[in-house]
Amino acid sequence: MKIITNIHDLRNHLRGQNRASFVPTMGNLHEGHLSLMRIARLHGDPVVASIFVNRLQFGPSEDFDKYPRTFEQDAEKLEKEGVYILFAPTEQNLYPEPQDYRVDPPKDLGDILEGEFRPGFFKGVCTVVLKLFSCVQPNAAVFGKKDYQQLMIIRRMAHQFALPVEIIGAETIRAEDGLALSSRNGYLSQNERLEAPQLFTVLQEVKTALHQSSLNHGLIQEIEMTAKNKLLQRGWEPDYLSVRLRQNLLLPSAEQLASQQELVVLAAAKLGKTRLIDNLEI
């Protein structure tokens, strides 16, 4: 595996490679990330991964400096997965001058759910992903469905800019007890780790309740409130738990509910000091 830190060298190594597949990460890799590498291999060759902790997507209250950085262990894992190039730029490499040009997703998608609670987050994500796409110029790129809204925003960005990149969504990888794998799980205490799978359990209960009912807005709100209250009673602090349309993450209309449009339930909640997100397609 080649570890490359600057854009010029990366492009030299990839010159003539028009079927590269790409997995961007911020490092601190776990099995969920590694599963993306395996999926990438099915959609192109060579496989390129990146590790870059992107300051642009951190809010004022989010500690950029404390984000876990485990580069040596990450590189070993990627090499075992057969990754051809690890692109690991420094901030000076990727942003040699202030990144004044930004990609701002539309408010109806970028300012809801995660965007409401993390203002500017998706602007930072879209900006760095577009820049990484420009550096790697992949044929395909793989993103996990755990970050459901992020996947949708990146997919739409690629479509609107006519980027020649196929955006592939990969299913969420879970621990045996149902907890979605995440770098943030490492922040959980032993007791919190035992409690953490309840977020997915509550989402499953929402899905069951929706399947057992003739849906209308009042009933959906009641199901959402019951789920939030259960989390509150167990010591969680929910930011949101919301049933949305899969196609655009908007609230479903009565007509859309009647026509059985596909739905997804998304949630974010704090357990102690750790904020976890998850989702489940209905």
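How exposed is Ile-3, going by its relative accessible area? Ile-3 comes out as partly exposed, at 45%. Keep in mind that this is a predicted model.

## A greasy spot on the outside

Ile-3 sits in strand β1, which covers residues 2-4. Together with Met-1 and Phe-71, Ile-3 makes up a nonpolar patch on the surface. The three residues have about 240 Å² of accessible area between them.

## What's packed inside

In soluble globular proteins, nonpolar side chains tend to be buried together. Here, the largest nonpolar core holds 43 residues, and Leu-94, Ile-167 and Leu-249 are the ones touching the most other members.

Take a look at Leu-94. Skipping its neighbours within four places in sequence, Leu-94 is in contact with Ile-7, Phe-52, Phe-87, Pro-89, Val-128, Lys-131, Leu-132 and Cys-135. There's also another core, apart from this one, with 26 residues, including Leu-188 and Leu-271.

Now find Glu-114 in helix α6, residues 114-117. Glu-114 has a relative accessible area of 6%, so this residue is buried, as anything under 20% is. Its side chain makes a polar contact of 2.7 Å with the side chain of Tyr-240. Leaving out residues up to four places away in sequence, Glu-114 touches Phe-122, Gln-149, Tyr-240, Ala-268, Arg-275 and Ile-277.

## Salt bridges

The model has 18 salt bridges. One of them pairs Arg-118 with Glu-62, with the closest N and O atoms 2.7 Å apart. Arg-118 is in the loop between α6 and α7, while Glu-62 is in the loop between β3 and α3, so the pair ties together parts that are 56 residues apart in sequence. Arg-118 is buried at 12% relative accessibility, whereas Glu-62 is partly exposed at 24%.

Another salt bridge links the side chains of Glu-195 and Arg-234, at 2.8 Å from N to O. Glu-195 belongs to helix α9 and Arg-234 to the loop between α11 and β7, so this bridge ties together parts that are 39 residues apart in sequence. Glu-195 is buried at 13%, and Arg-234 is partly exposed at 39%.

Methods:
Residues are numbered from 1 along each chain as its sequence is written. This is a predicted model: local features need pLDDT of at least 70, side-chain atom pairs count only at pLDDT 80 or more; totals for chains, interfaces and linings use all residues. Side-chain values use heavy atoms; hydrogens and water are left out. Patches are made of residues with over 30% relative accessible area and no salt bridge: like charges are joined within 9 Å, nonpolar side chains (Val, Leu, Ile, Met, Phe, Trp, Tyr) within 5 Å. Accessible areas come from the Shrake-Rupley method with a 1.4 Å probe; for residues, only the protein chains shown count as cover. A salt bridge is a side-chain nitrogen of Lys or Arg within 4 Å of a carboxyl oxygen of Asp or Glu. Helices (H or I, at least four residues) and strands (E, at least two) are DSSP runs, numbered from the N terminus. Buried means under 20% relative accessible area, exposed over 50%, partly exposed in between (1.4 Å probe, protein chains only). A polar contact is a pair of N or O atoms within 3.5 Å; within protein, one must be able to donate a hydrogen and the other to accept it, and residues adjacent in sequence count only if both atoms are side-chain atoms. Contact means heavy atoms within 4.5 Å. A nonpolar core is a set of buried Ala, Val, Leu, Ile, Met, Phe, Trp, Tyr and Cys residues joined through side-chain atoms within 4.5 Å.
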